[in-house]
Amino acid sequence: MDGVTVVVSPLLALMYDQVMALKNNGVKAEMISSMQNEEEIATIRQRLLDSDIKLLYVAPERFASFEFINFLKSLKLNFFVIDEAHCVSEWGHEFRVDYRKLNLLRENFPSTSIAAFTATATPKVAEDIIHALTLENPVEIRGKVFRKNLHISVEPREKDGRTQLLEFLKNFKNESGIVYAFSRKQTEAVAVFLHTNGIKARAFHAGLPSHVKENTFKAFVRDEIQVVVATIAFGMGIDKSNIRFVVHMNLPKTIENYYQEIGRAGRDGLDSDVLLLYSGSDVVMQREFIEQLDESPYKQNAFNKIEQMSRYATMEECRHHFIASYFEDEIENCKTACDNCTEVQGEKTDITVDAQKFLSAVYRTNQSFGQAYVIDVLRGSSVQKILDNGHDKLSVYAIGAEKSKTYWERISERLMELGALKRGEFRSLVLDNVGMRILKNDLKVSIKEERLHIKAKKEFVVHKDEDVDSEVFEKLRALRAQIAKEENKPAYIIFGDKTLKEMAKLLPKNKEAMLHVSGVGEVKFERYGEQFLELLQSIN
Ligand SMILES: [Zn+2]
C-alpha cells in the first residue's frame with residue numbers, strides 16, 4: 001500500500017518509543033512533535049511529500065493548526081489511527097481536552113478512514129468515542145477482555161505492605177517490574193526501602209525534574225534498573241515488553257486504571273505476575289477525596305468506580321471474570337490465572353444466619369442508612385441518632401452485640417460482592433433480589449474463613465517458564481543490555497525476552513537456525529545476529 005498512515009498518540013515518550021521500534025524493524029516511520037527543531041521537521045515534511053514515509057506519528061495538539069491540516073491534505077493518506085482513544089471521552093479515566101479536536105478529522109478528510117484503538121473502554125466510553133470523532137456506522141471490534149498470561153493475586157495489606165512487597169520481589173531476581181504507590185512521597189520512600197534491601201529501584205512521579213524522569217525511564221527500558229516505583233504518572237503507553245510484574249501498594253481508583261496498569265506486564269505474552277495490596281483505609285481515603293468534589297454526575301460516577309474496585313479486591317470468585325464483566329464482556333472463569341481460581345480454597349464458613357441478621361437490620365431501618373449505622377444498630381449502640389429514630393426499639397437492635405465491628409464489616413462486604421446489597425441514595429444500603437432470597441432462606445451464604453481473622457503470612461507462588469536455561473538467558477540479557485547502552489536504545493527493542501528465551505532454549509548456531517527464532521527477521525539479524533551467534537557459539 002503506498003501513501004502514509006497518520007497515527008495520533010497522546011504522549012511524546014510513547015511516540016518516540018514506537019517510532020524507534022518500527023525503524024529498528026526496517027519500517028519507514030517518523031514523528032512530528034515539539035521535540036524536534038524546524039529543520040528536522042522540514043526534512044520530514046519533504047520526505048512525506050516524496051512518499052518516503054509510511055507511518056507518521058503526531059500529537060493531537062497538531063490538529064489545532066490549519067496549516068498542518070492543509071499540509072496533510074496535500075499528501076496521499078491511507079488512514080488515520082487514533083491511539084489510546086479513550087482519552088476522547090469524559091467518561092473514560094484519562095480525558096484529554098486536545099483529543100476533542102479530533103472531530104476536525106472527519107470534517108477535513110471526509111473520505112479517509114479512521115481507526116480508533118483503546119484497551120480500556122466500557123460500551124459507554126466506546127459510544128462516546130464514536131460520537132466525538134463523528135464516525136458514521138463504524139465497524140466495532142471488541143477483543144476478549146482476558147490476558148491469560150497475567151496471574152493475578154490480591155492480598156490484604158499488612159501495615160505499609162513493604163514486607164509483603166519484599167517477599168514478592170524475591171521471586172524476580174533481575175527481572176523488571178513496576179510498583180505503583182499512592183503519593184509522590186510514598187514512591188520515594190518505597191524506592192529507598194527497596195534500595196537498602198539490595199534492589200535497584202528508583203522513584204518516578206510528576207513532581208520530579210524532567211531530566212531525572214528521563215534518566216529513570218531510560219535506565220528502566222535498558223534494564224539498568226530493576227524496579228520503578230511510580231505514581232500513575234508513569235507508564236502510560238510504555239512499550240517495554242519484558243515487564244514481569246506489577247504491584248499496587250494501594251487500591252487504584254477505578255477498574256479502568258487497574259486494568260491498564262496491570263496490562264503493562266507481560267506484553268511479550270510470557271507469564272507475568274500482578275499483585276494488589278489493599279486495605280479498607282484506602283477506600284475511606286478515596287471517598288474523602290471524592291466527597292470534596294462539587295456535586296455532579298462525575299462525582300457519583302467516581303463513587304461507583306471506587307466501590308467496584310473495592311468489591312474486586314475482596315471478592316472470592318474469578319478475578320479475570322470480574323474484569324471482563326466490568327467491560328461488559330463474557331468469559332469463562334480463568335481456572336489457572338487468578339488466586340481465587342488456583343489457590344486451594346481455604347475453609348469456608350457458613351454465615352447465612354448473620355447475613356440474615358444484617359439484611360433484616362437494613363430492611364427494618366427502611367433501607368435509608370449506611371453501613372456504619374446498620375452495624376451500630378446490630379451491636380446495640382446508644383448513639384443519639386439511633387435513639388432519636390427509635391431504632392433501639394427494633395427487634396434487630398443489639399442482636400449482633402457479641403461480634404466485633406470488623407466482623408460485621410466483612411459480612412456487609414460479602415453481601416455487596418454477592419449483589420445482595422447495593423448502594424442507594426446518600427450511600428444508604430438497599431436490598432437487592434439476592435438479598436431478598438437470602439432473607440427468605442432461599443439461598444445460603446458463605447465466606448472464606450480467613451477473611452474473618454487476621455491472615456497468617458503467606459508465600460507467593462509465581463509463574464515462570466522452567467524450560468529455559470537461566471544461565472544462558474542471563475548471558476544473552478547481558479549482551480542485549482550492552483548493545484542497548486551502546487546504541488542508546490531500550491533493551492527490548494533489540495530483542496524481546498521471548499526471543500532471548502527461545503534462543504536460550506534452541507541454542508541456534510548459524511544464521512538459518514537463528515532466523516527460525518521468533519522475533520528474529522532479516523533486518524534484526526543484519527543488525528545483531530552475528531553478535532548473538534558468536535555468544536551462543538561460545539556456550540557449550
Ligand atoms: Zn480466575
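## Ground rules

Residue numbers start at 1 in each chain and follow the sequence as written. Since the model is predicted, local features need pLDDT of at least 70 and side-chain atom pairs count only at pLDDT 80 or more, while totals for chains, interfaces and linings use all residues.

## Overall picture

The protein has 23 helices and 15 strands; these are DSSP runs numbered from the N terminus, with H or I over at least four residues for helices and E over at least two for strands. Its C-alpha trace spans about 85 × 65 × 40 Å along the principal axes.

For 540 residues, a compact globule would have a radius of gyration near 24 Å, and the 27 Å of the protein agrees with that. (The radius is taken over C-alpha atoms, and the globule rule is 2.2 Å times the number of residues to the power 0.38.)

Six strands form an open sheet in the order 6-11-10-7-9-8, with parallel pairing (two strands pair if DSSP finds at least two bridges between them). Strand 6 (150-156) and strand 8 (201-204) are the edges, each pairing on one side only. On average, neighbouring strands are turned by 15° against each other, direction ignored.

Strand 6 pairs with strand 11 (residues 272-278) in the parallel sense through seven bridges, and His151 has Asp273 of strand 11 as its bridge partner. Helix 8 (residues 210-221) packs on the sheet, where it touches strand 7 (176-180), strand 8 and strand 9 (227-230), and its direction makes about 135° with that of strand 8. Angles run from 0 to 180 degrees between N-to-C directions, and axes are lines fitted to C-alpha atoms, for helices over the stretch in contact.

## Helix 15 and its partners

Helix 14 (residues 352-364) and helix 15 have axes that come within 10 Å and cross at roughly 110°. Helix 14 is therefore roughly perpendicular to helix 15 (under 35 degrees is roughly parallel, over 145 roughly antiparallel, 65 to 115 roughly perpendicular and the rest oblique). Lys357, Phe358, Ala361 and Val362 of helix 14 meet Val374, Val377 and Leu378 of helix 15, contact requiring C-beta atoms, placed from the backbone, within 7 Å.

Helix 15 (residues 371-378) also packs with helix 17 (residues 405-417), at about 125° and with axes 10 Å apart, so the two are oblique to each other. Here Gln371, Ile375 and Leu378 of helix 15 contact Lys405, Trp408, Glu409 and Ser412 of helix 17.

Note on methods:
Contact = placed C-beta atoms within 7 Å.
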